[in-house]
Each structure stands twice: as structure tokens, then as C-alpha cells.
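Good morning. I will take one protein chain today and go from its overall fold down to a few residues. Please have a look at it before I start.

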Amino acid sequence: MAMQKRWAMGLFLLAGLLAACGGQTPSGGATIEQMWIHQVGTEDEEYSPALAVSGGKLFLGGTIVKEGDDPLGFWVFDATGNLQSHFTVQTYEGKDDDLEALAPGPDGRVYALVEETDWGVPASDLTLLDLDDQGNFTRLWTRGYSADIYLHGEDLVQGEDGAYYLAGYIEDVSGDERVEEGLLVRYDPATDEAVEKNFTYSGASGFFRFRALAPYPGGGVYAGWDWETVEGCGSSVLFVEDINNTTHRGIALGLGLDGGFRITAVAPAPGGDLYVAGWTPCRDFIQAKAVVARVKSDGSLVWKKSYDVPGVPDVARALLPLPEGQGLVAAVTTAQGSGEETHAEILLVWFDEDGNELATATVGSSGDDVVFDLAFAGGTLYVAGTTDGELVSGEAVGGRDLFLAAFRLNR
Ligand SMILES: [Ca+2]
Ligand SMILES: [Ca+2]
Ligand SMILES: [Ca+2]
């Protein structure tokens, strides 16, 4: 009886959420079926998770906030969810490490994009690590700046040309006004050479930040960036065919209409189109509604879906295009409950290529559950995020933790 009541309450909340989102109940029998979930961490706070699959192993990493230097924490699982190894990494004595992104590397290793902040200078460097499943690492590339300049990493992908592209921005507080410039780097492991580019809009001053990358056909990347000047704020996409040949297109400009759009993810869609995700309006995060869209390379809209609970931020954070015309999965952090009981919850949405919802699933505890990253391997969808609740009975570790969940997509 108690079980039935709890289940009914869950359905009621889910129905309320979908109604609030303006969503429709998916039909056609497709499901997103949870296979397993693990909550990992330490007694300290973990945040900023990233996920990569390499050599059949799942690398879940994040930042551990401790007294003194913040190390990186990694938990490596096999494909069925058995923990294989756990280790911490401190790249440099006296600095705080922040994990920004992971990408599959050669021979079952991963590449990790890490910010190293030295609060004594103060400044932060950006570094690219080559890391194995036991915590051994080498530095592939590091960029340091002088005092009052902070480098921020946001995304890392391998291009079809074999090179790795990393993106973020340079925050400069050394002058009277804070300035931020986009930073894009191409690192070629075959030659160990890195090419760096700084980006702003034609001399305008303000904030320009790369947020998301996806491979461009044949080499290069699609680079989603956001901007903020006295005139307003918004996002668009650069088509970086090679690091010296960049075309700017107004891909994301219309997605938030006059409220402006903040891009968080970009992914290739069939026929040269793009999937994009993010939130709007760009100057009011508390009111944010999540947006997932497909656009053509000329910027015109193919379809757009919004998810919104009024008064709380809803953010579409990650996109995963599926192989063989199976559509894509989007991960949204939204709200569950009401009033003082409101807490963050994760909504996974499986779309077909035309933007129809095939299936949805929620992941969450009674605490705040936030999604950061998605991966797909061997027909299984993997989801990484943070929780300050108890996602798995008996497995909670303490404070905010990381989680990794596996799902089967049935159609
Ligand atoms: Ca909202
Ligand atoms: Ca929750
Ligand atoms: Ca913890």
C-alpha cells in the first residue's frame, strides 16, 4: 500500500512537471530504461563532473573541494558498472585543480582539460593531461598567463583529423575593466604541436566565451560561444574548418528571441544541420527555460523544444546524437516538487530527428541532482552528474557527490 501511494505521488509529480513544461506524453512504446546507478565521492564536496569512455572503461572524474589544494577525483568503471579503480590527481603542489572536460585518448587512456588556479598570484593556467586508469599522467600542453589573468576551460573534443580541440576563455582583470576573450586551441598528438587562437567580435569589448565543441566533418570543430556586451547577450556558432579558417554563422541567435540564448552544447545533425542546447533569457538565470533545437547551417530553425518550470532555472546541459538515425538524447536539469520542497531533478529526453519526444526518464533524489555529461557506448547511454541527496540507498558518501547511471534505449 505504502509503495503504491509513493508511486502514485511520483506519477503525479511527473505529470505536473510535464504539464508545466508544456510537454506531451511520449507515445509509440519507446522507453529509457535505467540499468544501474552509482553514487561516488568522498566526505568532501565533489563537483564539475566529466565522463569519457575509453578502451571499454568508463572514466568519471570531478573536482574535490578540500581544505588546502583541491585535487581531481576519478572513478573508473567497466561497462557493466563495476568499479575498477579510484584515485586522485594533484597536478601541481599549491594549486587548485578543476576538471573541465574529458575525451577518449589512445590505448584506453583519457585526455583531461584542467584549470589550475594559484590564489597566491592570483592566476589560473589551463592544461591538457594524458591520464591512465591508475592516475598516472603526463602534460601534453599548458598555457600560463601572468597575474590577474585566469584561463577557463569549457570543452574538449577529438576532431575527425585526429587532433584535439579545447575551448574556453581568458578572463583578464588586470585593467580597469574585466575583459573576456574566447580561446580555442588545436593540439595534435601526432606532432605534439598546439595552435592557439583568441576570439572576440571585431574589436568589441565585453565577454566572449567558448562553451561547447563538436567535430566538424573532415576536421575542425563547430564551436558554440556566448557573448555579453553593453548592447546585450546571446550565443552563436563558429564553423572552424581548420584553426586558421573560421566562419561565423548566426546559428543560435534566434533561439531565445529577444531574451538572448546561452549555448551549452552543440552536436552534428543529419544533412549538415546542427543540434544545439542551452537556456534563455541570457541575463536572468533564475527564470531560465531550457531549449533544445535543430537548426540548419544557414541559421534557420528546423524545430525547437522548451522545458520550463516558472521561477526556477531549467537548463539543457548536454546533447548526444545517436548512431543510425536513432535521433538524440538531451539532458535537462529542471525542478521537482513545489514551494520549499523544490529541488533540482534530471530529465532525459530522447528525440527523433524531427524533434518528436520518443521517451523521457527522470533521475533524482530528494536533494539537488544536476546533470553535466552524457556518453554512448556499446548501445548503452551513460549519464554523469552531481547529487547532494541519496540516489542509491546505502551508497551515499557525504556532502555533494558524483553519480554515474546507465540506461538502455528501447524502441
Ligand atoms: Ca524556469
Ligand atoms: Ca532531486
Ligand atoms: Ca562528497
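This is a predicted model: local features need pLDDT of at least 70, side-chain atom pairs count only at pLDDT 80 or more; totals for chains, interfaces and linings use all residues.

Residues are numbered from 1 along each chain as its sequence is written, and chains are lettered from A and ligands numbered from 1 in the order in which they are written.

The chain has 1 helix and 28 strands; helices (H or I, at least four residues) and strands (E, at least two) are DSSP runs numbered from the N terminus. The radius of gyration is 20 Å, close to the 22 Å of the globule rule for 411 residues, so the chain is as compact as a globular protein of that length. That radius is taken over C-alpha atoms, and the rule is 2.2 Å times the number of residues to the power 0.38. Along its principal axes the C-alpha trace spans about 65 × 45 × 45 Å.

Of the 411 residues, 47% count as buried. Buried means 20 or more other C-beta atoms within 10 Å of the residue's own, exposed means 12 or fewer, and partly exposed is in between, with C-beta atoms placed from the backbone.

Four strands form an open antiparallel sheet in the order 2-3-4-5, pairing being at least two DSSP bridges between two strands. Strand 4 (residues 72-77) is joined to strand 5 by 6 bridges, and Phe74 has Phe87 in strand 5 as its bridge partner.

A contact here is two C-beta atoms, placed from the backbone, within 7 Å. Leu60 is among the residues with the most contacts inside the largest nonpolar core, which has 121 residues. Such a core is a set of buried Ala, Val, Leu, Ile, Met, Phe, Trp, Tyr and Cys residues joined through C-beta atoms within 7 Å.

Last, why does Ala267 count as buried? Because Ala267 has 21 C-beta neighbours inside 10 Å. Ala267 is found in strand 18 (residues 262-268) and touches, among others, Ala214, Tyr275 and Leu328.

Terms used:
Lists of a residue's contacts leave out its neighbours within four places in sequence.
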